[in-house]
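Work through the exercises below with the sequence and coordinates open. Each task is followed by a solution in steps.

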Amino acid sequence: MQIIHLKLAQLRKWWEIILNHDPHDLQENSLTLIQLSTLCSRPAIASLQLFTPPLKTESSFLEKKPAFKLLNFRDIYLLRHWLQNEMHPQLTSNWAEVILRFFEINLSDIDKKLLMQYGSRLLGEVAFLELTAFLLDYFSYSKDLRYMNMVLKILDQKSLFSPWKITRNLRLNGMHFKSALLKVYLLVKTDLFLMNLDNGFQDQQ
Amino acid sequence: MNKVIIFSPSIYSLYTTTIVELLLKKELTIQAIYVRKLINPTRFFSEIKRDGMRLFQKIWKKLILRQKAFSSHNVENLLTLRKEQNLSFTNARQFKTKFGIPVISCKTLNEPVVVEGLQAHQPDLVVFTGGGLIRQHILDKAGRGVVNCHMGILPQFRGMDVVEWSLLLGLPDQVGITVHIMDKGVDTGDILRVQSIPPSPGETISGLRNRMEARMCSLMVETVIDYLNGKLDRQPQLLEQGKQYYKMHPRLLKLIKN
């Protein structure tokens with residue numbers, strides 16, 4: 001599997017590109033970057049001014065009954081924000097279950113469904129990656145392996161996670177950059193979790 | 001006399017023929033066997049979407065190797081059960097030839113032909129031995145319900161690969177089987193009987209699954225008889241006590257196998 005064979009040199013190259021990128025883009029993607037920096041222990045990134053997700057819509061989102069088709073970008077940011085700050089745990093858990101179920105059932109034609117829901121292929125891809133990051137973070141929080149299982153299936157989509165595409169997009173701006181950043185985040189963090197899981201199982205035995 | 005209808009995933013299903021023969025031995029009336037057609041592109045694509053490459057392993061084991069898939073005679077499996085019980089039918093059509101039980105082929109088990117059959121026969125129960133999702137309009141016409149045996153302990157482990165999930169989560173005592181009434185959810189219907197089947201030391205996952213398959217036949221037959229005779233009550237599931245599981249990724253499967 002791709003992540004198992006993730007080359008350290010490739011990772012360092014990506015990291016260099018991320019660090020050398022326009023600070024404006026970095027700010028806009030700070031949610032991901034803070035996590036990346038924690039993961040990779042690079043204090044330079046943590047010193048950047050934080051981008052606060054739009055929380056104004058929180059009250060309306062609280063009233064939504066969890067259903068995948070109702071999720072917009074702000075909701076996704078909110079979910080990730082709640083998870084990071086351990087806010088509304090029950091609601092976050094309900095949404096996580098809904099997203100997991102939707103991905104499990106629709107993974108084979110997810111791109112078509114997201115294209116319809118978010119209006120463009122790129123926006124659909126970023127939403128998909130944000131939600132995948134949410135599932136991975138939810139695994140980290142809940143230790144529920146069903147979420148890691150789903151992320152592994154998503155990372156198996158070789159065309160989405162091609163190193164060439166990630167490197168190219170890290171040199172671009174806007175959503176292309178965000179998409180690549182999320183991919184690096186997912187690959188690195190999943191690899192780390194898998195290492196911990198392997199060690200945990202070896203310890204048990 | 002109690003009357004039942006059988007739903008089967010294919011005419012070659014050994015699990016189906018074993019259950020039917022065991023039910024006949026208990027002198028139940030089998031009114032008809034509804035069998036899903038094997039050569040059906042829609043079925044193939046939906047199953048490959050669900051099972052991935054594992055579908056080919058399934059085809060190899062269940063349609064090509066069949067009885068030869070159970071090569072070891074020293075362990076409990078479907079073949080040893082069939083020998084022990086002196087069961088000989090390997091094809092659902094043989095029940096038509098020998099007992100005159102109608103065997104009806106259909107693309108899915110939700111087709112009008114199945115509805116008409118249920119209306120005509122008015123069975124006491126439908127025994128589900130595989131064949132995909134069953135819609136509400138079928139469930140409503142199945143007498144006292146559609147009975148299924150799930151390869152997992154309910155309500156804790158709903159869905160797919162639950163044997164593997166129980167082992168991955170370090171809960172070998174929660175490996176087992178459950179006979180339940182089907183409803184519109186996935187493995188969410190009322191429970192009739194549960195049996196724990198913890199793995200034996202050194203047993204492989206496929207060995208364990210084979211052993212469970214044999215136990216499923218016996219438990220299904222005992223439960224059907226007891227349920228029809230009013231000896232069993234339906235126990236509604238407390239869904240919050242369990243989770244729905246999905247197909248396990250090979251990377252996680254490797255953790256158990258190592």
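Helices (H or I, at least four residues) and strands (E, at least two) are DSSP runs, numbered from the N terminus. The model is predicted, so local features need pLDDT of at least 70 and side-chain atom pairs count only at pLDDT 80 or more, while totals for chains, interfaces and linings use all residues. Residues are numbered from 1 along each chain as its sequence is written, chains are lettered from A and ligands numbered from 1 in the order in which they are written, and side-chain values use heavy atoms, with hydrogens and water left out.

**Exercise 1.** Locate E164(B), decide whether E164(B) is buried or exposed, and list what E164(B) touches.

Step 1: E164(B) belongs to helix α8 (residues 162–168) of chain B.
Step 2: Buried means under 20% relative accessible area, exposed over 50%, partly exposed in between (1.4 Å probe, protein chains only). With a relative accessible area of 6%, E164(B) is buried.
Step 3: Contact means heavy atoms within 4.5 Å. Leaving out residues up to four places away in sequence, E164(B) touches I205(B), R209(B), M248(B), L253(B) and I256(B).

**Exercise 2.** Describe the sheet of chain B, starting from the order of its strands.

Step 1: Two strands pair if DSSP finds at least two bridges between them. The order in this open sheet of seven strands is β3-β2-β1-β4-β5-β7-β8 (chain B), and the pairing is mixed.
Step 2: β3 (103–106) and β8 (191–196) of chain B each have a single partner strand, so these edge strands have one side without a neighbour in the sheet.
Step 3: Strand β1 (residues 3–8) of chain B has five of its six residues buried, so β1(B) is largely enclosed by the rest of the structure. β1(B) runs parallel to strand β2 (residues 29–36) of chain B, with six bridges, and S8(B) has V35(B) as its bridge partner in β2(B). β1(B) also runs parallel to strand β4 (residues 125–128) of chain B, with four bridges; there I5(B) is partnered by V126(B).
Step 4: Strand β5 (residues 146–150) and strand β7 (residues 176–181) of chain B form an antiparallel pair over four bridges, in which I181(B) in β7(B) is the bridge partner of V147(B).

**Exercise 3.** Specify the packing of α8(A) and α9(A) by angle and distance.

Step 1: Axes are lines fitted to C-alpha atoms, for helices over the stretch in contact, and angles run from 0 to 180 degrees between N-to-C directions. Helix α8 (residues 110–118) and helix α9 (residues 121–142) of chain A pack at about 110°, with axes 8 Å apart.
Step 2: Angles under 35 degrees count as roughly parallel, over 145 as roughly antiparallel, 65 to 115 as roughly perpendicular and the rest as oblique. α8(A) and α9(A) are therefore roughly perpendicular to each other.
Step 3: I110(A), D111(A), L114(A), L115(A) and Y118(A) of α8(A) meet R121(A), L123(A), G124(A), A127(A) and F128(A) of α9(A).

**Exercise 4.** Which backbone features stand out at P155(B), K143(A) and D161(B)?

Step 1: Most residues other than glycine have a negative phi, and most peptide bonds are trans.
Step 2: The peptide bond joining L154(B) and P155(B) is cis, with omega about 10°. P155(B) sits in the loop between β5 and β6 (157–159) of chain B.
Step 3: K143(A), not a glycine, has a positive phi of about 60°. K143(A) is exposed, with a relative accessible area of 58%.
Step 4: D161(B), also not a glycine, has a positive phi of about 50°. D161(B) is buried, with a relative accessible area of 9%.
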